[in-house]
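Subject: Structure handover

Hello,

Here is the structure for your files. My notes on the helix packing follow below it.

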Amino acid sequence: MDLNRREFLKTAGAAVAATGVCGCGMCGRDGREFPIALQLWSVHKIFWQEPERNLARIKEIGYDGVEFAGYENRTAKQIGKMLRDAGLRGAGTHLSGIKANFSGDALKRNVDFCVEAGIEAIGNSWSNCKTPE
């Protein structure tokens with residue numbers, strides 16, 4: 001069976017949303033024990049073509065949030081508005097490089113961006129570390 005990316009995500013989203021429901025009505029949002037977020041890198045080539053429409057669709061499929069891997073020159077204020085308008089959480093973001101993004105002024109700048117945008121976590125997606133430090 002051949003699926004295009006859209007059909008795959010639609011099917012996967014429905015399956016994940018269905019399996020994430022506890023049913024007790026006492027845990028988490030909408031009976032879900034844990035919120036489920038979509039990693040936007042998996043759809044990055046099409047996502048930024050119509051980000052507002054795509055965020056609305058991601059919510060409609062059943063996700064609670066998204067995880068960023070870049071912002072396509074959008075400001076924190078713009079990202080935050082897009083998330084709020086879609087009713088999604090900014091579950092996280094991926095930044096590459098310890099020295100480039102996780103030290104000194106760069107770390108402060110990235111944390112401030114995430115706070116303003118409503119992004120809850122920052123992860124290092126890749127770094128060429130040669131020592132434990």
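The buried residues of H4 pack against H3, strand S2 (65-68), S3 and H6. Contact here means heavy atoms within 4.5 Å. Helices (H or I, at least four residues) and strands (E, at least two) are DSSP runs, numbered from the N terminus.

This is a predicted model: local features need pLDDT of at least 70, side-chain atom pairs count only at pLDDT 80 or more, and totals for chains, interfaces and linings use all residues. Numbering starts from 1 along each chain as its sequence is written, and side-chain values use heavy atoms, with hydrogens and water left out.

H4 in detail. Ala76, Ile79, Gly80, Met82, Leu83 and Ala86 are its buried residues (buried is under 20% relative accessible area, exposed over 50%, partly exposed in between; 1.4 Å probe, protein chains only). They line one face of the helix, because they fall within an arc of 160° seen down the axis of H4. The arc is that of the directions from the helix axis to the C-beta atoms. On the other side of H4, Lys77, Arg84 and Asp85 are exposed.

Now the H4 and H6 pair. H4 (residues 76-86) and H6 (residues 104-117) pack at about 35°, and their axes are 7 Å apart. Axes are lines fitted to C-alpha atoms, for helices over the stretch in contact, and angles run from 0 to 180 degrees between N-to-C directions. From H4, Ala76, Lys77, Ile79, Gly80 and Leu83 meet Phe113, Glu116 and Ala117 of H6. By type, the residues of this contact are five nonpolar, one polar and two charged (Ala, Val, Leu, Ile, Met, Phe, Trp, Tyr, Cys and Pro count as nonpolar, Asp, Glu, Lys and Arg as charged, the others, Gly among them, as polar).

H6 next. Ala106, Asn110, Phe113, Cys114 and Ala117 are buried in H6. They sit on the same side of H6, because they cover an arc of only 95° around the axis. Their cover includes H4, strand S3 (89-96), helix H5 (98-101) and strand S4 (122-126). The face turned away from the buried side of H6 carries exposed Gly104, Asp105, Lys108 and Val115. Glycine 118 follows H6, and its phi is positive, near 85°.

Asparagine 54 counts as buried, because its relative accessibility is 17%.

Best wishes
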